[in-house]
Structures are given as C-alpha cells and as structure tokens.
Amino acid sequence: ALADLRATLVAGLTRAFGQSDFGSTLIEDAAQEALVRIVDRIQSFRGDSRFVTWAMAIATRAMLSHLRRAHWKNVSLD
C-alpha cells in the first residue's frame, strides 16, 4: 500500500511542480517525507475528503518546504 501511495504522490508532485524544473531527486525526497508524515498522522484523517486528496495536501506542503529550504540554502547572510 505504501509503495502504491508513494507512486501516486510522485506522479502528483511531478504534475504539480514539473520534473524538469526541480529534478526527480527533490520530488522523491518530498514524497518520502510525506509518507513519513502520513504514517505519523493517519489517526487524524477524518474522511472529509478522499484519502489521496488528504495525502497529496501533505505531500504538497512537504514539497514546498523542500523548495523553501533549497532557495535559502545558498543565500548569504550579508
């Protein structure tokens, strides 16, 4: 089930953010981090939406966090 969910998250993130712009490594990292968050927070899933919709929201936030960290990684403090 986790392998199928990971594949769904990678496909969704690739469609949303475009693989050519960010590279598959960043998308894979975000999907992996999202899986960890999903497993940790599975009890909070209320069923108000489809499970995949809820999971993609978590994956999108994980991707945005990775992009934010990548952007500020090479910024000088000066």
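In α1, the buried residues are L5, L9, V10, G12, L13 and F17. Keep in mind that this is a predicted model. The helix itself covers residues 2–17, which is 16 residues. From its first C-alpha to its last, α1 reaches 22 Å, close to the 22 Å expected at 1.5 Å a residue. After α1 comes G18, and its phi is positive, near 75°.

Now the rings. How many aromatic pairs does the structure hold? There are three. One of them joins F45 and W54, with 5.2 Å centre to centre and 50° between the planes. That pair is tilted, because an angle between 30 and 60 degrees is neither stacked nor edge-to-face. On accessibility, F45 is partly exposed, at a relative accessible area of 26%, whereas W54 is buried, at 17%.

W54 also pairs with F51. Here the centres are 5.6 Å apart and the planes make an angle of 45°, so this pair is tilted as well. In general, an α-helix has 3.6 residues a turn, so residues three or four places apart point the same way. F51 is partly exposed, with a relative accessible area of 29%.

Put together, ring pairs link F45, F51 and W54 into a cluster. Of its members, W54 is the buried one at 17%, while F45 at 26% and F51 at 29% are partly exposed.

Definitions and conventions:
Residues are numbered from 1 along each chain as its sequence is written. This is a predicted model: local features need pLDDT of at least 70, side-chain atom pairs count only at pLDDT 80 or more; totals for chains, interfaces and linings use all residues. Side-chain values use heavy atoms; hydrogens and water are left out. Rings of Phe, Tyr and Trp (its six-membered ring) pair if their centres lie within 6.5 Å; planes under 30 degrees apart count as stacked, over 60 as edge-to-face and the rest as tilted. Buried means under 20% relative accessible area, exposed over 50%, partly exposed in between (1.4 Å probe, protein chains only). Helices (H or I, at least four residues) and strands (E, at least two) are DSSP runs, numbered from the N terminus. The expected span of a helix is 1.5 Å times one less than its number of residues.
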